[in-house]
Amino acid sequence: MKAAILYLLLNWCSICAFPQQSTTMDTVVGIVVDVVNGKPLPGASVTLTDSPGEKKLKTVLTDEAGKFTFLEVPQTHLLVIIEHIGYEQKRLEIHTNAERDIGLVQLFPLASQLTNVTVTATRPLVRQEIDRITYDVQSDPENKAQSVLDMLRKVPLISIDGEDNIRLKGSGSYRILINGRPSSLVARDPREAFKAMPAGSIQRIEIITTPPAKYDGEGLAGIINIITIKKSGDGYFASLGIRYNSVNSIAENASATSRIGRIAITGSGNLYQNFQRTTSIAYTRNAHAVSQLLDQRGNSTYKGTFSNAKLELSYDVDSLSVITLSLGLFGNNNTVDVLQRSQLFSGSAMLEGYSLSNKGKNRSGGFDMDVNYQAGFRRNKDQLLTLSYNQVYFPNQNNNQINIDDRINYMPPDFNQSNDNGTRENTVQVDFTKPVGKTVFDLGGKMILRNSYSDFVTQVYDNAIQEYARDTAQSNRFSYSQDVYSFYSSSYWKIMTAEVRAGIRLEHTEVNANFETQKNIVRQSYTHFIPSVSLRHSLSGKESLVFGFTQRIYRPGIWMLNPFVNKANPRIVSSGNPGLKAVLNNNFELIYTRAGKGSFSIGLSYLFANNMVQTITMIQDTVSYSMTQNAGKYQNLQLNTSLNQSFSSNVTLSLNGQVSYINSKGIYKGNGIKNDGIEANITANFAYKISETWRFSFNNGFIGPYILLQGRTNSVYTSSFNLTKLLFDKKLVLAAVLSNPYQKFRYAKTYIETPDFSQLNDLQRNYRSINISATWNLGNLKSTPKKTNRKIVNDDTRQ
């Protein structure tokens with residue numbers, strides 16, 4: 001801890017004490033190459049400007065070797081702008097005070113062809129950076145017809161099981177960010193939110209495996225950062241889209257952007273309507289000691305809508321300052337009706353039986369508001385101070401009406417359950433960035449004040465008075481506050497062929513929970529110093545080696561701490577644990593990458609935690625009890641690889657795979673238990689550009705079983721065929737996808753095996769489907785407005 005405090009102080013002193021850059025003269029040199037094939041790009045236009053005002057100083061063209069040279073350049077903060085027909089513009093900021101050898105500058109080909117210009121190269125789908133892996137959604141031809149959830153299935157290190165649960169590096173503990181900040185749109189149910197979000201609205205997906213110190217410490221496996229397309233400039237741009245799924249849904253989306261002078265306005269909205277769909281459910285449990293079999297079978301019918309809208313306003317106060325305001329609204333309304341038959345057997349004799357009908361309704365909604373002010377400095381435009389405020393309010397209402405019929409030796413009455421709950425949080429954040437020579441320093445502080453409430457009421461039917469009366473034993477009221485105070489300091493510097501990013505984050509957490517019904521008060525206070533180190537060494541112009549180490553925190557949320565015992569299903573009981581402690585995770589990784597005409601990467605990572613939160617299920621008589629405990633040790637040794645290869649200008653192939661050895665340990669009835677095994681998944685994508693307006697692609701994937709402390713899940717196979725057509729000068733995009741043609745149903749199974757009992761959960765859903773979509777783009781934008789570079793990122797709560 002003393003070393004961590006010393007590091008923070010030294011970093012702060014370095015920022016305060018460093019002198020400003022001098023104004024003597026030096027030289028700027030570099031070589032421009034194609035990122036796909038590594039070949040030099042002669043004739044590229046290279047412009048040198050003074051960064052604060054972007055005043056043009058000099059312009060040169062690259063020679064036959066792609067090289068450019070600027071002589072007698074003032075030693076001040078500069079900006080190099082590189083342009084070439086058929087390629088994206090590259091902007092490089094220079095902070096050095098010596099001869100400025102920029103080295104190789106890689107240009108990415110444009111995603112689409114320009115008028116009268118043929119672009120034969122394609123952008124790589126996957127790129128490895130110093131602390132993250134980036135998947136370029138706009139380079140994936142299937143983005144026009146699929147949702148973000150579909151796209152995530154192809155992203156390295158991500159797997160999605162048969163119930164659409166998202167896992168990162170095999171773990172369910174991670175953060176999801178939208179444009180570098182948390183979004184209440186995906187906080188409660190990322191599966192439904194990502195189904196509603198069209199993949200065509202996404203620029204890229206970042207998998208941050210070694211999060212820098214500026215990110216909150218929560219999320220054992222890392223961060224999934226969804227970057228949306230930002231089209232802003234003088235003029236306007238609008239997009240309208242619709243997607244139809246033959247099995248269960250229709251989705252509409254719209255977005256528009258306009259800029260007039262210093263003001264830019266962006267608005268977007270999504271509506272996802274889930275048709276009525278029915279899932280078959282089956283639960284069987286064998287109690288070995290008493291030789292009893294519990295069999296529960298039935299159907300669950302779901303219908304609902306999910307909607308969200310966002311408006312963002314950006315105002316350039318002057319050439320150095322900008323204010324950004326945003327307001328997001330969201331809502332969810334659905335019904336779930338369950339019909340289930342439950343039977344308890346001893347041998348062939350039925351001991352108990354009943355039919356249960358559960359009619360459930362859920363309604364939620366709320367808002368997410370941001371205010372950000374960013375100020376630059378005239379001496380150095382990249383020296384930034386950002387002040388941010390965020391408020392989120394998320395109320396939620398659940399109602400369930402449970403009726404029981406066809407009773408055999410079963411006496412409990414009918415009952416209703418309702419839950420009025422919600423969360424409100426306020427966040428204040430300050431960030432400061434200062435480049436000094438080849439080093440960039442970041443400092444910041446943050447305060448999150450989070451308050452949650454819940455009023456859970458159970459009413460049982462009294463036959464004597466033929467009315468429902470409150471059951472205090474099965475009702476639960478509580479309030480919960482979690483305050484997080486943090487401070488971070490990090491540095492980034494480049495030394496010849498090496499890049500280094502290192503930092504440390506201090507986080508102090510105060511938890512106060514009042515479980516009124518159980519008369520239980522929980523108070524927790526803990527502090528963590530979280531280090532983060534990333535190193536990248538360029539072995540050649542195309543090869544690099546990346547090493548990363550970080551620690552991450554998992555904080556038990558209110559639902560895991562709540563001691564309320566849920567007996568909605570009398571034979572399957574669960575409760576939280578107010579004694580749960582925070583988990584500290586250690587993560588190491590080593591990755592080799594090679595870029596060129598294609599790209600290849602292979603990486604090895606090791607993750608371990610010594611007090612992992614595990615769910616333990618035990619059986620007593622005919623009832624199973626599930627509770628979370630700090631009783632586990634978890635180890636994950638993983639090998640992952642990614643390959644993207646262009647065989648010609650029309651044919652590309654990409655492969656992603658990972659193999660993990662999982663070793664999980666815990667405590668069961670006072671005795672140690674262990675489960676280990678191999679987890680593996682692989683996805684393959686083949687894309688063929690038939691013509692300028694037709695594209696075809698094929699996907700196939702396999703996700704192996706997940707290893708649980710007391711059991712495992714089953715395997716999942718996926719496949720899809722995609723056809724895309726561009727019309728009206730590529731403004732209208734039509735797409736069709738045939739998904740999983742070889743499987744009518746998908747089965748999601750979870751097995752648990754202990755010395756006392758074995759059980760199986762089995763869900764059956766429709767799997768084969770046809771997706772049809774249409775997207776219309778219109779408008780024209782000419783320039784990009786300034787936006788705040790830092791926003792509030794509350795990535796400290798579990799998804």
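Modeller: Helices (H or I, at least four residues) and strands (E, at least two) are DSSP runs, numbered from the N terminus. On that basis the protein has five helices and 42 strands. The model is predicted, so to speak of local features requires pLDDT of at least 70 and side-chain atom pairs count only at pLDDT 80 or more, while totals for chains, interfaces and linings use all residues. Residues are numbered from 1 along each chain as its sequence is written, and side-chain values use heavy atoms, with hydrogens and water left out.

Now the overall packing. The protein has 799 residues, and 53% of them count as buried (under 20% relative accessible area; exposed is over 50%, partly exposed in between, with a 1.4 Å probe and protein chains only). Contacts (heavy atoms within 4.5 Å) can be split by sequence distance. Of those with a separation of 6 or more, 66% join residues 24 or more positions apart.

Next, the cavity. A cavity is a set of points on a 1 Å grid, over the protein atoms alone, where a 1.4 Å probe fits but cannot get out; lining residues have an atom within 4 Å of a point. Points are joined across faces, edges and corners, and a volume is the space filled by probe spheres set on them. The model has eight cavities of 30 Å³ or more.

Which strand supplies the largest share of the lining of the second largest cavity? The largest share comes from strand 36 (residues 694-703), with five residues. That makes strand 36 the place to start.

Two strands pair if DSSP finds at least two bridges between them. Strand 36 pairs with strand 38 (residues 716-727) in the antiparallel sense, through ten bridges. Arg695 has Thr724 of strand 38 as its bridge partner. Strand 36 also pairs with strand 35, again antiparallel, over nine bridges. In that pairing Ile682 stands opposite Phe702 of strand 36. Four residues make the hairpin link from strand 35 to strand 36.

Follow strand 38 onward. Strand 38 runs antiparallel to strand 39 (residues 732-739), and eight bridges join the two. Asn722 is bridged to Val737 of strand 39.

Strand 34 and strand 35 are antiparallel partners over 18 bridges. Ser664 has Asn675 of strand 35 as its bridge partner. Strand 34 spans 651-668 and strand 35 spans 671-689, with Lys669 in the loop between them. The hairpin of strand 34 and strand 35 has two residues between the strands. Lys669 is not a glycine, yet its phi is positive, near 55°. Lys669 is partly exposed, with a relative accessible area of 45%.

Asn409 lies in the loop between strand 21 (380-408) and strand 22 (415-436). Asn409 has a positive phi of about 55°, though it is not a glycine. With a relative accessible area of 60%, Asn409 is exposed.

Inside it, strand 9 (residues 132-136) and strand 13 (residues 202-208) pair antiparallel over five bridges. Thr134 stands opposite Glu206 of strand 13.

Last, a strand residue elsewhere. Val565 belongs to strand 29 (residues 565-569). Val565 is partly exposed, at a relative accessible area of 32%. Beyond its neighbours within four places in sequence, Val565 is in contact with Gln474, Val573, Ser574 and Ser575. Ala473 is 92 residues from Val565 in sequence, but 9.0 Å from it in space, C-alpha to C-alpha.

Notes
On a 1 Å grid over the protein atoms alone, a cavity is a set of points where a 1.4 Å probe fits but cannot get out, and a pocket is an open set with protein on both sides within 12 Å along at least five of seven lines; lining residues have an atom within 4 Å of a point.
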